[in-house]
Amino acid sequence: LKVPNQAIVEQDGLHYVVRNRAGYLTKILVNVKMQNEKYSIVSNYDTEELKELGLTDSQIANNKSIYVYDEIVLNPDLSKVEN
């Protein structure tokens with residue numbers, strides 16, 4: 001998926017985007033594949049990659065994914081986002 005760099009937030013060495021779905025903001029872990037000055041190509045992590053990152057089984061089970069028609073927030077404020 002192609003997302004603006006303004007929508008990507010780095011926290012603890014991991015990249016996130018914030019999804020707005022029906023007014024609920026959710027932090028989504030994404031894998032940044034490529035990046036230029038304006039946009040990034042991102043994808044969801046698979047289960048094995050999440051295990052390599054050190055996530056527990058319960059964190060992996062609760063992991064949310066990004067989809068094509070999701071509304072992504074630009075310049076998100078992580079203090080207002082549920083995990």
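A residue counts as buried when its relative accessible area is under 20%. By that cut-off Arg19 is buried, because its relative accessible area is 5%. This is a predicted model, so keep that in mind as you look around.

Asp70 falls on the buried side too, at a relative accessible area of 16%. Arg21 is another story: with 42% of relative accessible area, Arg21 is partly exposed.

How many salt bridges does the structure hold? The count is two. As background, side chains with opposite charges can pair when the charged atoms come close.

Take the pairing of Asp70 with Arg19, where the side chains meet in a salt bridge at 3.6 Å, N to O. Asp70 sits in the loop between α2 (57–61) and β6 (71–72), while Arg19 belongs to strand β3 (residues 14–21), so this pair ties together parts that are 51 residues apart in sequence.

Asp70 also forms a salt bridge with Arg21, and here the closest N and O atoms are 2.9 Å apart. Arg21 is in strand β3 and Asp70 in the loop between α2 and β6, so the pair ties together parts 49 residues apart in sequence. Through shared partners, the salt bridges join Arg19, Arg21 and Asp70 into one network.

Which way do strands β2 and β3 run relative to each other, parallel or antiparallel? They run antiparallel, and four bridges join β2 (residues 8–11) to β3.

Over in strand β5 (residues 39–43) you'll find Ser40. Is Ser40 buried or exposed? Ser40 counts as buried, because its relative accessibility is 1%.

What does the side chain of Ser40 make a polar contact with? The partner is the side chain of Gln35, at 3.2 Å. Leaving aside residues up to four places away in sequence, Ser40 touches Leu1, Lys2, Val3, Asn5, Ile8, Val32, Met34 and Gln35.

Methods:
Residues numbered from 1 in each chain as written. Predicted model: local features only at pLDDT ≥ 70, side-chain atom pairs only at ≥ 80, totals over all residues. Heavy atoms only, no water. Helix = DSSP H or I, 4+ residues; strand = E, 2+ residues; numbered from the N terminus. Buried < 20%, exposed > 50% of the residue type's maximum accessible area, 1.4 Å probe, protein only. Polar contact = N/O pair within 3.5 Å; in protein donor to acceptor, adjacent residues only side chain to side chain. Contact = heavy atoms within 4.5 Å. Salt bridge = Lys/Arg side-chain N within 4 Å of Asp/Glu carboxyl O. Pairing = 2+ DSSP bridges.
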